[in-house]
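Please keep the sequence and the three-dimensional view at hand while reading.

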Amino acid sequence: MTLKVNSFKAWFLGIRPTSLAGALMTVCLGSGLAHGVAPYMFSWPVAILCGLFACFMQVAANLINDIIDFKRGLDKSDPERMDRIYANGLITPNATKWVVAATLVIGCLIGLAILYQVWDNLVWGGWEILLMGAVVVACTFLYSTTFAYHGLGDLAVLLCFGLIPVCGTFYVLTYTLCWDAVWASVIAGASIDTLLIINNYRDRYEDPEAGKHTSIAILGERFGRYLYLLAGLVCVLMVVLLFAGGKISWIGLIYCTVPYLFLHIGSWLKMNKIREGNGLNVIYYESPRNFTILGLLVTIALW
């Protein structure tokens with residue numbers, strides 16, 4: 001594919017649209033649970049603002065990650081890797097920095113809009129939302145500079161794509177927290193982590209050369225394959241816990257788990273067969289499909 005520098009298509013690929021599905025999934029799960037628990041309190045404006053906040057923070061995190069990985073020598077130009085738009089020179093450094101700054105500012109303004117909508121109903125007067133927002137902004141930088149390079153990327157995903165956005169969305173819509181929000185958070189975090197796992201599995205040989213020591217680079221190829229499988233099975237277990245807590249029905253349990261298991265195990269079997277090389281890109285693009293379908297089905301079941 002031939003792209004012009006700083007073209008719309010280049011930026012579209014540079015922000016990694018598949019990751020935005022994960023960001024929106026977290027808000028959908030939190031919103032679905034909130035509507036199921038307290039439909040009379042549900043606010044569409046707040047839910048939409050949460051979705052916008054998640055997307056802007058995700059775009060900033062993606063671009064920061066590209067800058068850091070390129071500067072550390074991890075991402076090198078590779079025309080076959082369309083996830084390396086920055087390394088391939090298709091978006092310029094100055095433009096990228098300005099876009100990062102703009103997305104962070106807009107994201108923070110959206111966060112303040114959420115606070116304005118709900119602060120008078122919150123237990124701690126809104127300070128908890130400010131703290132949560134500060135953690136999210138910090139993680140947009142810390143993931144690429146620290147977590148990803150020291151084997152903590154998977155835990156960071158569980159935190160930033162699980163506990164914080166799902167529980168945060170549920171909290172600003174219901175003004176309370178419960179264990180069911182935690183189970184929904186783990187569904188989001190573990191399923192989205194499959195994308196990071198397959199990325200780290202594919203790059204397990206070149207990552208250590210650039211000083212990036214992911215959990216898979218440290219613990220080996222076999223660990224990476226079974227971590228991918230385990231992440232999906234944990235999601236299914238969390239759906240079972242939501243069923244046990246009365247938040248979804250028998251029918252919901254079946255239509256949430258069966259299609260996802262079929263897709264996830266299918267991707268894992270391909271992973272076992274391919275093992276290495278750019279052929280793993282097939283699983284890299286199947287993983288967002290899998291967790292998006294799971295997120296939509298669980299959201300419907302919770303709603």
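The points below are grouped by topic.

The structure is a predicted model. Its largest nonpolar core has 87 residues, and helix α10 (residues 221-244) packs with helix α11 (residues 250-274).

**The packing of α10 and α11**

- The axes of α10 and α11 are 10 Å apart and form an angle of about 180°. That angle makes α10 roughly antiparallel to α11, because angles over 145 degrees are counted in this way.
- On the α10 side, the residues that meet α11 include Tyr 228, Leu 229, Val 236, Val 239, Val 240 and Phe 243. On the α11 side, the partners include Trp 250, Leu 253, Tyr 260, Leu 261, Trp 268 and Met 271.
- By class, the contact of α10 with α11 has 17 nonpolar, six polar and one charged residues.
- Leu 253 belongs to helix α11. This residue counts as buried because its relative accessibility is 11%, and buried means under 20%.
- Leaving out residues up to four places away in sequence, Leu 253 touches Val 239, Val 240, Phe 243 and Ile 248.
- The C-alpha atoms of Leu 253 and Cys 139 are separated by 33 Å, and the two residues lie 114 residues apart along the chain.

- In soluble globular proteins, nonpolar side chains tend to be buried together.
- Within the largest nonpolar core of this model, the residues with the most contacts are Leu 29, Val 172, Ile 187, Ile 198, Met 271 and Val 298. Helix α3 (residues 44-71) supplies the largest share of this core, with 14 residues.
- Apart from neighbours within four places in sequence, Ile 198 is in contact with Tyr 228, Met 271, Leu 280, Ile 283, Tyr 284 and Ser 287.
- Ser 287 is located in helix α12, and its relative accessible area of 0% means that it is buried.
- Not counting residues up to four places away in sequence, Ser 287 touches Thr 194, Leu 195, Ile 198 and Tyr 228.

**Aromatic pairs**

- A pair of aromatic rings is described by the distance of the centres and the angle of the planes.
- The count of aromatic pairs comes to seven.
- Phe 42 counts as buried at 15% relative accessibility, whereas Trp 303 counts as partly exposed at 39%.
- Ring pairs join Phe 42, Trp 44 and Trp 303 into a cluster.

**Positive phi angles in loops**

- Most residues other than glycine have a negative phi.
- Arg 16 is not a glycine, yet it has a positive phi of about 55°. Its place is the loop between α1 (8-14) and α2 (17-37).
- Tyr 175 is not a glycine either, and its phi is positive at about 65°. This residue is found in the loop between α6 (153-174) and α7 (179-202).
- Is Tyr 175 buried, partly exposed or exposed? With 23% relative accessibility, Tyr 175 counts as partly exposed, because buried would mean under 20% and exposed over 50%.

Technical notes: Residues numbered from 1 in each chain as written. Predicted model: local features only at pLDDT ≥ 70, side-chain atom pairs only at ≥ 80, totals over all residues. Heavy atoms only, no water. Axes fitted to C-alpha atoms, helices over the stretch in contact; angles between N-to-C directions. Helix = DSSP H or I, 4+ residues; strand = E, 2+ residues; numbered from the N terminus. Parallel < 35°, antiparallel > 145°, perpendicular 65-115°, else oblique. Contact = heavy atoms within 4.5 Å. Nonpolar A, V, L, I, M, F, W, Y, C, P; charged D, E, K, R; others polar. Core = buried A, V, L, I, M, F, W, Y, C linked by side-chain atoms within 4.5 Å. Buried < 20%, exposed > 50% of the residue type's maximum accessible area, 1.4 Å probe, protein only. Phe/Tyr/Trp six-rings, centres within 6.5 Å; stacked < 30°, edge-to-face > 60°.
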